[in-house]
Amino acid sequence: MVGLGQSVLGTSFQSPVLLASGTCGYGEEYADLIPLDTLGGLVTKAVSLEPRAGNPPHRVAETPGGMINAIGLQNVGLERFRSEKLPWLREHLVSARTLINVVGHSAGEYAGVVSGLDDDEGFLGYEINVSCPNVKDGTLFGTDPQGLSDLVSKLRRLTKRPLVVKLTPNVPDIGHYARICEDAGADGLSTINTFPGMLIDVERRQPVIGNVSGGVSGPAILPMGVYLTWRAAAAVSIPVIGIGGIRSGADALQYILAGASLVQVGTALFVDPSAPIQVQEEISGYMERHAIRSLGDLVGALEIPGRDPGPVEDSP
Amino acid sequence: MTKPVRTWGRVRENRKAAEATFWIEVDCPEVAETARPGQFVMLGTGLADVAAPFLPRPFSIGARLAGGGIGFLVRVFGEGTRRLAEVSPGDELLVLGPLGRPFTLPADRPALCLAGGVGLAPFLFLAAEATEGGTAVRIVYGERSGARVFDPDLIRRITGVTPELRTEDGSVGRRGLVVDGLDLSGAPQLLACGPSPMLRACAALAAQHDLPLQVSVEEHMGCGVGTCQGCVVLSSQGEWVKSCTEGPVFDARELSW
């Protein structure tokens, strides 16, 4: 394989392919199925200060070209994450990087998780989740410019580790929110979280998902993810991690050409656990075919052909 | 716990076994070798096509076949199962398994399997293994209508057990539900798989007669390996537990009914 390595977020990534939060648990679940430590890294399931119970079933269902989920951030909470999950990641992810996805009901809760983890070893940094559509206040910070700025500034003061903010697609101008994060001291952005959606069982006249609505992911959202990543990357100079519907090397390369330095594979993992490995191999194959020596040369290398203005009307 | 594998399995056979119901056999030696009754696999068509079933679907392993094959019972409920039911010999399916907690076979009691609809599948596997191991097994199998009854000859061929049939319309076997008028002599270990109302009735029956009951539950699944937390059921402690890794087989007392 052509080298997929790159320096991002102040460290080396052996590959641009990471596993997306919420789709790979805390790593261990996929350890028998894929060589995790050959990936760029993984982003853990969200960690909150206290354990969260999550939403009632059904929590997942298939949608055209993807799925809808409303898990409700069920997780073991900070203390059990530190004692049960982080030691496994520390031991098994040596070359691959770990980002811990952090969630909270309040700025204080986010701060509590970051301060609670910061002295531990075995992870690179944080992905701050301000964009979960499946809990009541999940996008509170992600859609409020001042709240977002205050949150990122607050967390910036608590850690020297990389802070990546995972943005919601559900805002009128993602570039605006991207700049807010950069100005407040974020080191990177993840674009995007799932799109809010719902599915109705017409026979029963009831929502399919227990939470009524959920987040839509999978290939169906790929073009929206690529577009929003392109917009966000154009607005900032910090690295962007592209997410949304990636199931092949070509999909990942769309994000990379649009400006993403790294990508995350999520829903495709459920369809085929080997998806992230295939994505890596296909990116490598593309680089060989196009004689690209460094992956960094492809980041943001989108070429937009000059437009032929066509016939111009004579001015009166 | 057995380690799951991800592998492409070649379809050996797909035969219509009842109305909207198909018996599909897939070559899958790594899974067949280690699978235990009550475990399941995620069956899908891979990443190439985004049409349903884009997400794999969970299926109880219905048989361990000679020569490294496994058998499944597929009933058409929606678009995903409709397309799965259309596979032909030679087609390849992406198989992830064996997954989940299996049934615990009783050593000292006869096993009484209560099967509702395609909830029959795990008992085809279990009965075949149990009778081989010398445990006495009965299968009480219910369907809504006679047209849906899975070929009793095939059940006998796979398990060596003649099922006791129940249909709600009375067109085949005895009229009624699997829990109606059951012969519980011999203090059997109850094992149940089927729709939620049926499992609830089984739990009530087991409690009433003070008999042990293991149930295999069904929920929508995303990953099948415990990461997405999509397939939860409510435990008797009031917590959401994952049916893919903590189940799909639970002692009935572990769950909230």
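Between which two strands of chain B does the loop that holds Pro102(B) lie? In this predicted model, Pro102(B) belongs to the loop that connects strand S7 (92-99) with strand S8 (111-116) of chain B. Pro102(B) has 23 other C-beta atoms within 10 Å and is therefore buried. Leaving aside residues up to four places away in sequence, Pro102(B) touches Arg36(B), Pro37(B), Gly38(B), Gln39(B) and Val249(B).

The description now turns to the domains of chain B. Chain B is divided into domain 1 (5-99) and domain 2 (111-216), and the centres of these domains, taken over C-alpha atoms, are separated by 22 Å. Domain 1 of chain B contributes 15 residues to the contact and domain 2 of chain B contributes 18 residues. On the domain 1 side, the elements that give two or more residues are strand S1 (5-18), strand S2 (21-27), strand S5 (63-65) and strand S6 (69-75) of chain B. Of these, S6(B) supplies the largest share, 3 residues. By class, the residues of this side of domain 1 divide into 8 nonpolar, 4 polar and 3 charged.

Which residues touch the most other members of the largest nonpolar core? That core holds 181 residues, and those with the most contacts to other members are Leu189(A), Val263(A), Cys113(B), Leu114(B) and Cys202(B). Helix H3 (residues 121-132) of chain B provides the largest share of this core, 8 residues. The core also draws at least three residues from each of domain 1 (5-99) and domain 2 (111-216) of chain B. For Cys202(B), the contacts beyond four places in sequence are Leu114(B), Val179(B), Leu190(B), Ala192(B), Leu213(B) and Val215(B).

Another position in chain B is Arg174(B), which is placed in strand S11 (residues 174-175) of chain B. Arg174(B) is partly exposed, because 15 other C-beta atoms lie within 10 Å. Not counting residues up to four places away in sequence, Arg174(B) touches Leu165(B) and Arg166(B). Between Arg174(B) and Glu239(B) the C-alpha distance is 38 Å, with 65 residues separating them in sequence.

In chain A, 8 strands close into a barrel with parallel pairing, in the order S3-S4-S7-S8-S9-S10-S15-S16. Direction ignored, neighbouring strands of this sheet are turned by 25 degrees against each other on average. Strand S3 (residues 17-19) and strand S16 (residues 262-265) of chain A run parallel and are joined by 3 bridges. Within this pairing, Leu18(A) stands opposite Gln264(A) in S16(A). Helix H2 (residues 107-117) of chain A packs on the sheet, where it touches strand S7 (97-102) and strand S8 (125-129) of chain A; the direction of H2 makes about 150 degrees with that of S7(A). Helix H5 (residues 222-235) of chain A also packs on the sheet, touching strand S9 (163-167), strand S10 (188-191) and strand S15 (240-243) of chain A. The direction of H5 makes about 170 degrees with that of S15(A).

Is helix H6 (residues 249-257) of chain A largely enclosed or largely open? Since 7 of its 9 residues are buried, H6(A) is largely enclosed by the rest of the structure. The buried residues are Gly249(A), Asp251(A), Ala252(A), Leu253(A), Gln254(A), Tyr255(A) and Ile256(A). They pack against S3, H5, S15, S16 and helix H8 (275-289) of chain A. After H6(A) comes Gly259(A), with a positive phi near 125 degrees.

A hairpin in chain A is formed by S5(A) and S6(A), with 2 residues between them. Gly65(A), in the turn, has a positive phi of about 65 degrees. The two strands run antiparallel, and 4 bridges join S5(A) to strand S6 (residues 66-69) of chain A; Glu62(A) has Met67(A) as its bridge partner. In a regular strand the side chains alternate between the two faces of the sheet. In strand S5 (residues 60-63) of chain A, Val60(A) and Glu62(A) point one way and Ala61(A) and Thr63(A) the other way, and all are buried.

Note on methods:
Residues are numbered from 1 along each chain as its sequence is written. Chains are lettered from A and ligands numbered from 1 in the order in which they are written. This is a predicted model: local features need pLDDT of at least 70, side-chain atom pairs count only at pLDDT 80 or more; totals for chains, interfaces and linings use all residues. A residue is buried if 20 or more other C-beta atoms lie within 10 Å of its own, exposed if 12 or fewer, and partly exposed in between; C-beta atoms are placed from the backbone. Two residues are in contact if their C-beta atoms, placed from the backbone, lie within 7 Å. Two strands pair if DSSP finds at least two bridges between them. Axes are lines fitted to C-alpha atoms, for helices over the stretch in contact, and angles run from 0 to 180 degrees between N-to-C directions. Domain bounds come from an automatic or database domain assignment. Ala, Val, Leu, Ile, Met, Phe, Trp, Tyr, Cys and Pro count as nonpolar, Asp, Glu, Lys and Arg as charged, and the others, Gly among them, as polar. A nonpolar core is a set of buried Ala, Val, Leu, Ile, Met, Phe, Trp, Tyr and Cys residues joined through C-beta atoms within 7 Å.
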